[in-house]
Amino acid sequence: DEWIEKVVKQSSNIELYPNPGNQVFKYGVSGIRFSSEHLDHVMHRMGMLVALRSMYFKSAAVGLMITASHNPQNDNGVKLIDTQGEMLDTSWEELATELANAPCDQDVCVILINIAKKYAISSSFTPCVFIGRDTRHSSKRLLDAVLYGVKAFKSNFEDFGIITTPMLHFFIRCYNTNGLYGQPNEYSYYTKLTDSFKTLRKMCSDFKNYSPIIEFDGANGVGALKMKDALVFLDETLIINMHNDDILTTEKLNFKCGADYVKSNQCPPTGMAIKPHAKYVSVDGDADRIIYSFIDENNTFYLLDGDRIATLVTGYIKDLFTASGLEINVGLVQTAYSNGNSTKYVTDKLRVPVACVPTGVKYLHHKAKDYDVGIYFEANGHGTLLFKDAVRELIRNQYAIEKDEKKSLALKKLICIVDMTNETVGDAYSDMLIVETVLCERGWSLSDWYNTYSDLPNRLAKVIVKDRNTFETDDAERICVKPVGLQEIINSIVSKYPMGRSFVRPSGTENVVRIYAEADTKINADKLALEVATAVYDIAGGEGKRPE
Ligand code: G16
């Protein structure tokens, strides 16, 4: 035990990072997120925790990403990444919460000692920690705090500087698989994903309605920076016009642009001219989400969100496996936010099973592993595809011996899709390459894609409440069990609306309660959302103006 106490007290500069004790932190669906000025001691402690996590895995690389993703620029946060490039295991989330809230230095020591004891962590392992950060101004300052924590344990660490969250996930998988998945650097990331995209593109001879021109909305964050780097590798297979790429004006990050803004407000991003039938692609502040959109000649706005990507990709993968002759079980994972008609389309038309889990990529990722090929997408544009090792092997082996030309072509395309996918987590760049591939293969414009089925009109809303922790949900967030009585009120409101559906849940990233509503018409979806938001406001002591 003594070694930990020594490390913390003598090597970590802990005296620089006291907990002011005026805030409560929780490691939620995407780490800890807060107003950046409160996070210094949290980051310092997460630096120490992540070092211990690596020691627990006998020096395997683990990751720490400094980002608050889609949140406003003044917020920041931390996401910890496990050895396969996946989100931190739930059992350690609680430890992270405990550590972030520990009142004093001595408590920090005790918690770390207890972790080491509980997990039998030996001081003989040197930690290996990969670190990345987004473009927020506070990220650099918080990095210093992380580094004190990481270095105290004499870690081997690599600071990758400003990178997207999915890049860091990818690097960790690469390192821990000894290069089997690629190399832990940006060059390998771009070439692996982009080369397979270009190979598949060469197989596509007739573009029909497809256009390779993209108006790219970088949310004024790291996604813009990295897309510019990607252009070199894309060789003009895609023509990408950059917008919202001002990463120096910090106030602009995610402000009225980016994937979260476009999805939540159901309108085009600002900061760029919007032309009818141009293809708009928006990413969020750490480039793990992607949303497509366009307007028609009447200025009507069309959203192609995570549900649309899920249906597009699921249909394509299903067709490729059918053409290849391989019998593989493909499944889709969604959340309660998924549009009712997308679920219907996948179940009835594509005949692919759909599972529903709570919000948060880690839940979707976990469930997707149940299938040979698990596809998961949150409606907000966060998602990826998972291929079982055995499936990957089967595809390659069969391709090597396949004599039938059509089957062989389908198998070759599947190999490209596997290589184009960042299977560790949702990745806007990888997802964009996959969507562009499917659209090109189908010869579709965005309108063609949009016309595959019609969404039920829907509305997202949020209410600021005194304490969002008083809200509890069940049944993959479709039922609100606390505050008691709220669900009955929601049920009676919903029953008034044809095809009505609504649920409420506490946000994991902001201090708000989120409301989702869908109904037969846009007006009804808006009215339903408003009624439910008002009920939440009244029952939970909403702050600010009553919704109207
Ligand atoms: C994070 C998670 C996503 C999740 C989102 C929900 O996104 O990674 O899986 O959908 O939070 O946010 P909330 O709980 O506020 O509705 P990100 O992109 O912000 O890291």
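Here is a short chat about reading a few features of this predicted model.

Me: I've got two helices, α1 and α4, side by side. At what angle do they pack, and how far apart are their axes?

Reply: Start with the general idea. Two packed helices are described by the angle between their axes and the distance between the axes. Now the case here: α1 covers residues 2-11 and α4 covers residues 105-118, and they pack at about 145° with axes 9 Å apart. The crossing of α1 past α4 is right-handed.

Me: Okay, and which residues of α1 and α4 make the contact?

Reply: From α1 you get I4, E5, V8 and K9, while α4 brings in V108, C109, L112, I113 and A116. Sort the residues of that contact by class and you find 7 nonpolar, 2 charged and no polar ones.

Me: Can we zoom in on one pair? How many bridges join β13 to β14?

Reply: There are 5, and the two strands run antiparallel, with β13 spanning residues 373-377.

Me: Next, the ligand. Which residues come nearest to the ligand?

Reply: Look for S30, S69, S507, G508 and T509, out of 18 residues around the ligand. By class, that shell has 10 polar, 6 charged and 2 nonpolar residues.

Me: Last one: where does UniProt place the "Alpha-D-phosphohexomutase alpha/beta/alpha" domain?

Reply: The unreviewed UniProt entry puts that feature at residues 59-94 and 116-179. Take each stretch in turn. Residues 59-94 are 14% helix and 36% strand, with end C-alpha atoms 22 Å apart. For residues 116-179 the figures are 48% helix and 20% strand, with 30 Å between the end C-alpha atoms.

Me: And which residues does the "Phosphoacetylglucosamine mutase AMG1" domain annotation cover?

Reply: According to the unreviewed UniProt entry, residues 187-291 and 305-444. The stretch 187-291 is 35% helix and 15% strand, and its end C-alpha atoms are 25 Å apart. Residues 305-444 come out at 58% helix and 13% strand, with their end C-alpha atoms 16 Å apart.

Notes. Residues are numbered from 1 along each chain as its sequence is written. This is a predicted model: local features need pLDDT of at least 70, side-chain atom pairs count only at pLDDT 80 or more; totals for chains, interfaces and linings use all residues. Two strands pair if DSSP finds at least two bridges between them. Helices (H or I, at least four residues) and strands (E, at least two) are DSSP runs, numbered from the N terminus. UniProt positions are given in the numbering used here, feature names are shortened, and annotations may be inferred rather than shown by experiment. Axes are lines fitted to C-alpha atoms, for helices over the stretch in contact, and angles run from 0 to 180 degrees between N-to-C directions. A crossing is left-handed if the near helix is turned anticlockwise from the far one by less than a right angle, and right-handed if clockwise. Two residues are in contact if their C-beta atoms, placed from the backbone, lie within 7 Å. Ala, Val, Leu, Ile, Met, Phe, Trp, Tyr, Cys and Pro count as nonpolar, Asp, Glu, Lys and Arg as charged, and the others, Gly among them, as polar. A residue is near a molecule or strand if its C-beta atom, placed from the backbone, lies within 6 Å of it.
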